[in-house]
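Student: I would like to go through how two chains of this structure meet. Could we take it step by step?

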Amino acid sequence: MNLGKRQAYCSTLMLVASLAWASNAHAKTAEELTIALDTIWVVLTASLVFFMNLGFALVESGFCRSKNTVNILSKNFIVFAISCLAFYVFGWGLMFGNGSGFIGSEGLLMLGGADNSPATGDAYMGAYKSIAWTGVPVYAKFFFQLVFAGTAATIVSGCVAERIKYFSFIVFSFLLVAFVYPITGHWIWGGGWLATTGFWDFAGSTVVHSVGGWAGLAGILVLGPRLGKYLPGGKMKPIPAHSLTSGLIGCFVLWLGWFGFNPGSTMAADPNAISHIFLTTNTACFMALLSATALNWILDGKPDLGMSINGCLAGLVAITAPCAFVTVKASLIIGLLAGFIVVGAVKLLDKLQIDDPVGAVPVHLFNGVWGTICVGLFAVDKITGAATGNGLFNGGGMTLLIAQLKGIVAVGVYALVVSLIFWHAIKAIFGLRVSKEEEEEGLDIGEHGQFAYIGFGK
Amino acid sequence: MNLGKRQAYCSTLMLVASLAWASNAHAKTAEELTIALDTIWVVLTASLVFFMNLGFALVESGFCRSKNTVNILSKNFIVFAISCLAFYVFGWGLMFGNGSGFIGSEGLLMLGGADNSPATGDAYMGAYKSIAWTGVPVYAKFFFQLVFAGTAATIVSGCVAERIKYFSFIVFSFLLVAFVYPITGHWIWGGGWLATTGFWDFAGSTVVHSVGGWAGLAGILVLGPRLGKYLPGGKMKPIPAHSLTSGLIGCFVLWLGWFGFNPGSTMAADPNAISHIFLTTNTACFMALLSATALNWILDGKPDLGMSINGCLAGLVAITAPCAFVTVKASLIIGLLAGFIVVGAVKLLDKLQIDDPVGAVPVHLFNGVWGTICVGLFAVDKITGAATGNGLFNGGGMTLLIAQLKGIVAVGVYALVVSLIFWHAIKAIFGLRVSKEEEEEGLDIGEHGQFAYIGFGK
Amino acid sequence: MNLGKRQAYCSTLMLVASLAWASNAHAKTAEELTIALDTIWVVLTASLVFFMNLGFALVESGFCRSKNTVNILSKNFIVFAISCLAFYVFGWGLMFGNGSGFIGSEGLLMLGGADNSPATGDAYMGAYKSIAWTGVPVYAKFFFQLVFAGTAATIVSGCVAERIKYFSFIVFSFLLVAFVYPITGHWIWGGGWLATTGFWDFAGSTVVHSVGGWAGLAGILVLGPRLGKYLPGGKMKPIPAHSLTSGLIGCFVLWLGWFGFNPGSTMAADPNAISHIFLTTNTACFMALLSATALNWILDGKPDLGMSINGCLAGLVAITAPCAFVTVKASLIIGLLAGFIVVGAVKLLDKLQIDDPVGAVPVHLFNGVWGTICVGLFAVDKITGAATGNGLFNGGGMTLLIAQLKGIVAVGVYALVVSLIFWHAIKAIFGLRVSKEEEEEGLDIGEHGQFAYIGFGK
């Protein structure tokens, strides 16, 4: 309705600029507009990533039994709060603070470092040089990284569900986000030693998902399987989901959240990169959903909704590292195989009697590794700007693939070993597992004195 | 906290520009800023539209019986994946590729055409001229259109719920998005023959909702009603919703999604158009919610939540075509009548023994038609820029109204006839309906071997 | 993939500008870009705030009994529709129209005033001067304020749950949004008398949350407690939540919505303010979640998920007024105490036999007051731009604190007294409370003739 007014603006930018400046105090300069645009992109995508906490809460609780629902929802709720505290006090500085190749040391504790963001490049002066490539205020950088740290912690929750003490889980979450996630994160995104070896992980298949997966796997190994899951004689008793409605709501929320997770990792409103990443992310996801559903249908005779959900998530995890480095057609193949991998990994874990109630290890660890490898296989140099070099299937030889494999091993060893130490320490100090009676009755009563559902029995 | 620094910028844009350029490599030009801003608008609104898949899943599953919940959730999940595949391989090129007035033929198969987006207007060179009016990268255009195509397919799911074979539904969804939706879409949004007759459909009352509604109606006609729905002697047995909590979550998610669907269809960050569309969309929606609730309350004696939900959705569907072409006051009237129409249509379908378990035909088809007619009644020429001419009630005579009616009929005939052919073909090849035993027991066991809910009976 | 093309642009903004202008019709000027950026920020954050309606619906219904679920969902659904009508017809003009210090009088009824938005400052000419500081179209301003008005009304719903007549609740909601909320809102955000006394409320701890809380408290006082809640002899019978899954979904949706509520209240894409507000908002929230959980755990022996949820919401309400005026470290303390306050207030209300089924008064009223006080305690002058002066703990003395306390009292008196009058009038005319039989049987049957859940009893 103001079209007339708008058309009255003069026809060259210079003239407009001076007029605008005279008449309207709130017009921004190109520099300011760039910063503002990048900032709203970062905070809105961060909000989507934050919302993934709900997704994880619902997939995990839905896939487990109703008698443990309050406990699982509580874990997935408080884990983000405790992650915020841990990342604010310790994690951010260790991860992004200037320091050695192994660990950040400047600007530790509560965002305490000097910082002149949104200045970028050489103009940046402060404690967090490794993240000075994005021209947004430091609080926006912090908030975006905070929600990523929270994601890593919440992955663990699924692995240890239905048997862990609430308090002990809270303690581990704090330690993970304070002292595990930011260290390996520093190696890769904090300008550390892995970044200098030519290892690439765009949005965190390794930094976030594999680390969460290794920490969760460590928890499973220390806790052991749920009562009654593995029967004598090597038989396995399926423990079905208590609410597939919860499960599917959670999955769609996660899918939506990934449109923040991957494209948001540009941390700048770069239209080509963002559009590219949206498409590779969605493509790998839908292909993995289709391939996991199909393979499971063929193997088990009927299409299982839980496996479709895990297939979808597997594709999303797998494309997280390579989303900005590969073609859309490559993302089709990455997703196709991610769906197969998750189906196989679920069956493998049950063979090994590793009791992962929600399939978090197949989704986040197996496909975190697979996605990181995919950079080495499918990367196209500078396809959205980053000089990754070409992957094996694109004529680049083994160089990039070997760098990726080295990174996978290094991060895996650190995350698994330190997590095992933390889990054992917590077990020794606080105890890790609820009593048999409590586990059988359900943790909702034992840990919380509450029922999740009352009055549904019509 | 950088306010001081910001105020230090000089006071004319020219000087700022050169300074900014010297000191900060990441400041964008006006051209780049425009493209970046338009792109984040498109991808964020597309994300909201994507999220509507969850809304449809919950409204449909909530409105049906618990014994079919896994099946309904599965359908609403995989339908988006299969729609993505169909639109990527066939749909996009047929809809937006350069070609005849009837069908696109350039740039078919997997976004295969030449394209120099984000160039616009005469500067555009490539295979997708009909969508070159928006200055965003082609992948952003594709992703936005992809989530719209997915919406059309998911509408069908509600119509055929509680009796269709999972596999057969998947096949139909693929065919719909590959060969029905993009053809009529090409006529209107792809620069085809209807666009040249003066037919207007801003965000898809016809292109998306009516097409989904016709395809679903065809499915109902071929499938027949659910067992036990219509009793001998013309009596009707209501089959109540199994979870109105699911239903209302779904409705709010859809309402939110429509704030992407309608304003996002600008595909550019045009502040006046966007603000206008937000308000007309919300106004029609709340009025239809009020009018459907009130009419149903008067007719049946008590306010039915399911009818309030369908009223809300009816208003949203109705305002989809005219949202950018009518005043806010007109949107009040459009919504008011949409609410009445949906209540009447639900009763009419039951009279005709057309068994639509969730009211998808009253919502999407009846109100898709109503909304498209409203352009002809209420349009105000260039109210947000588009030269629609004036509608009947605004002094424009019958011209626009007749163009709208022609389009409604043409699209309806094509969508209904081709859908009927596809449904019959699938019935002949794969079978369409589950067995009586399976329908009575619930499709969750028969098709998926799963229960949606376990352990709620406290 | 267009990087080459982009790099070909020349290296000064002036030259780019003329080239861009010649070649591409859709590049925007700096003025237009600013308006467009601010507008998409406002409408997207408004959409998040709109989504809070779902959050309130789920927290309230989840915390109450299954037999009242349809009624609670219906109330939370229609309350937004009726609020839209009330704010469109009366509220907006009374709140933001030019007028006296007490009430707006220009541009009443259906956005009827003259307006040349997005012109700002002295360039603005029209009926809504008090909101002319934001340079977006008037429809965007209206929509943002509309969703805030809706929030105030939906708070009331929780207070009066499980016993109020559906129709009477609808009438009160209309009156609240038409004649209570906009009056006190005019005093503060509409350029009225409180704004001139140095009272500050950035995003509405008082304007929105306290007003909703006072109106709800009035409703509780007039309605009395639910049957069976308080037993003879001063004993209290806990009425547990029927679905903590609903409760937690609702809470996460509200947390997400607050990332629209608080940062969006900038109503302009100011990167520093936005980043700052994101961080203070999130920090107060996670600290309150932790402190409420911990205190409740200590007092009652087990961590209660309902209390964790209310702790989270308490932190969000408390930081709403001061989010733009205090440091991140202050937000830690504000949140810490908000968590304690909500635990204490829940226990206090039960002592006083004030039956607030969902804890809305402790969350919205107690913490709305607390947050408003916090501005007086912790404010740092111009920390994100606003000249609040310093708070007590920051060397500013009592001035700001006293202004805040005066505002709290003035708004409280008006909102409580007028609400009481409206509740009594409705009681006299329509009746307020359902019959004992209906309350015992559940309002779902009595008011709606529906069950919320069918077929869960496996």
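Student: What area do chain C and chain B bury between them?

Tutor: This is a predicted model, in which local features need pLDDT of at least 70, side-chain atom pairs count only at pLDDT 80 or more, and totals for interfaces use all residues. Residues are numbered from 1 along each chain, chains are lettered from A in the order written, and side-chain values use heavy atoms. Buried area is the accessible area (1.4 Å probe) that two parts lose on being put together, summed over both. Of this area, 72% lies on carbon and sulfur atoms, and the amount for chain C and chain B is about 6,600 Å².

Student: Which residues form the salt bridge between chain C and chain B?

Tutor: A salt bridge is a side-chain nitrogen of Lys or Arg within 4 Å of a carboxyl oxygen of Asp or Glu. The rule finds one across this interface. Its closest N and O atoms are 3.2 Å apart, and the residues are B:Asp38 and C:Lys28.

Student: Which helix of chain C gives the most to the side that touches chain B?

Tutor: Helices here are DSSP runs (H or I, at least four residues), numbered from the N terminus. With 16 residues, the one that gives the most to that side of chain C is helix 3.

Methods
Helix = DSSP H or I, 4+ residues; strand = E, 2+ residues; numbered from the N terminus.
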